[in-house]
Amino acid sequence: MVLRFVLLFSLLAVFELQASEEVLQRLDRVLDEREHYVAQREAELTELRAVLVLTRDPGARFALMGRLFAANLSFNADSAYRYAGLRYTLATEQGREDWRTDALLDRVAVYNATGLYREAVDLLAEVEQGATDVGRRLRMFYLSRSLYESLSRYVPFASEQAHYEALRVQYRDSVLKYDVPSASGYVMAAFEVLAEQGDYAAALRLLQDDAGLEAGGEHHRAIVYHLMGNAFLSAGEADSAVHYLALSSVSDLKSAVKEYISLWQLAGLLYERGDVDRAYRYVQTSLDDATAGNARLRTIGISRIYPLIEAAYRSKIAGQQQQLRRFLLAIALLALVLVVAVVLVGVQLKRLRRARKALSVLNVELERTNRELRDSNRQLQEMNRLISDSSMIKEEYIGRYMEQCSLYLKKLEDYRSVLKKTAQTGGAKALQEAVKTYEGVDAELEEFYRGFDETFLRLFPSFVEDFNALLHAPERIELKPGERMNTELRIFALIRLGISDSEKIAHFLRYSVSTIYNYRTRTRNKAAGERGLLEAEVLKIGLDKA
């Protein structure tokens, strides 16, 4: 059981540390963007001032001055004091005692923020006579409670501290008596009572249930989270205190106030945890803002922890500088070793470069030899292909024409027998008539060309399509039904077989040389590519399929 409790406590502690670190990282980002939020606040104030210049109605002017006072109270105490004075002057001019009381309460708030406590106490005595309605009396109670709390903290004598503490409690009880329980001011006063009684759980629940926590804006959330952080701190929950003080600081910075407590209080906690860098940044920012906003009371509070944090930060920086000097010395020694190594490497590199240069010459020579060998291999492969192609053609045509010659020899033998018989029976005259009327030659030629076409297309089945692909589309050859090749195709078929001489082609096809020449010229003119390369392209037909 104890082990389970220890493990649960450890897990909760780890969770809280992680959550606190996330909020601190968020705070760091907001700090980086601090000027953006200040610029937003300046723009809002500029807009309000512009509206005030154009406003003539006294009631509207008094209300606008009140808004400007409230916006500057935690941002720039000097400007807040000036608007409190302007409200007092306008109230006097208009003869409005209620306005005059509001202006005096404004001035009390400024005195309290800037540490002019005696002036604030004197002015409260005057205000008490005019604060006759509940709203103004409640505001007077709030300011009195805050004023006497500040006095009890900063007077050096115990008797005076007890006196001011009693007055603080008196005015806090007045808030609880006259304010409504749903009001945020009432909730904070009730929280204070519970916290003083040590009932931190009930005090925290009271703040967490505060309806104004979400609706009250960044400044209100900053106050609530500040109170929660201090409650956790009083309860000994330092990690939770860091978490809520960081949340309070985020809201303070987003609302661009200059008078706040949470950030420099958080800096003190982080200093105790050893996070010196963050602590120094936070306390320095707090001091800068308090100085810029003329928040003298906060400057006094910050000055109590600033020297400790600054000294720790300076000590850390000095340690880092000492460590840096050691690193520099080590780096110098390493650099010296490196220089020696570089010199040795340089010597080796020179030797290596000479070896590489000699190797490069050998590589160039080897590459040239390899290139020549590759060229020779390509030429040999091409020659082998051509030889293979030529052998295939020769084998095909030798077989074909041995058969053809055998057939022709038989036909000649039969024809000779016919002529011999004709000469024996009919005499010379009948023989002449038989020779004259013989029509077998034309039929044999046709049979010869059909055999040529059949044999060639068996060797090159796609010759007609491949040849047409070399011509312009409108000029491509269209064969008649039953026709396998025409004269034009036969001419280029012979060229594909290596017979390029026009006289030999003319003899083979029984045409004149000029006719063959004209055929070749007309076909070259139909070429889709360069005309002079047509016949070279014809020689490539079927090579990739050989």
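What follows is a walk through the charged pairs and surface patches of this structure. Keep in mind that this is a predicted model, where local features need pLDDT of at least 70, side-chain atom pairs count only at pLDDT 80 or more, and totals for chains, interfaces and linings use all residues. Residues are numbered from 1 along each chain as its sequence is written, and side-chain values use heavy atoms, with hydrogens and water left out.

Let's start with the salt bridges. The term stands for a side-chain nitrogen of Lys or Arg within 4 Å of a carboxyl oxygen of Asp or Glu, and by this rule the count comes to 34. One of them pairs Asp-28 with Arg-278, with the closest N and O atoms 2.9 Å apart. This pair ties together distant parts of the chain: Asp-28 sits in helix α1 (residues 2–32) and Arg-278 in helix α15 (residues 276–292), 250 residues apart. Helices here are DSSP runs (H or I, at least four residues), numbered from the N terminus. Both Asp-28 and Arg-278 are buried; that word means under 20% relative accessible area, while exposed means over 50% and partly exposed is in between (1.4 Å probe, protein chains only).

Other pairs stay within a helix. Arg-221 bridges to Glu-218 at 3.3 Å between the closest N and O atoms, and the two lie 3 residues apart in helix α12 (residues 217–234), about one turn of the helix. Arg-221 counts as buried because its relative accessible area is 15%, whereas Glu-218, at 26%, is partly exposed.

In helix α17 (residues 440–459), Glu-454 and Arg-458 are about one helical turn from each other, because they are 4 residues apart. Their closest N and O atoms are 3.7 Å apart, making a salt bridge. Glu-454 is partly exposed at 36%, and so is Arg-458 at 46%. Some salt bridges share partners, and these join Arg-145, Glu-149, Glu-165, Arg-168, Arg-172, Asp-173, Glu-192 and Glu-196 into one network.

Now for the surface patches. These are built from residues with over 30% relative accessible area and no salt bridge, joining like charges within 9 Å and nonpolar side chains (Val, Leu, Ile, Met, Phe, Trp, Tyr) within 5 Å. Lys-350, Arg-351, Arg-353 and Arg-354 make up a positive patch. Arg-353 belongs to helix α16 (residues 296–437) and is partly exposed, at 49%.

Phe-327 is also placed in helix α16. Together with Leu-324, Leu-328 and Ile-331, Phe-327 forms a nonpolar patch with about 400 Å² of accessible area. Phe-327 itself has a relative accessible area of 47%, so it is partly exposed. Accessible areas come from the Shrake-Rupley method with a 1.4 Å probe, and for residues only the protein chains shown count as cover.

Notes:
Lys, Arg positive; Asp, Glu negative; His and termini not counted. Charge placed at Lys NZ, Arg CZ, Asp CG, Glu CD.
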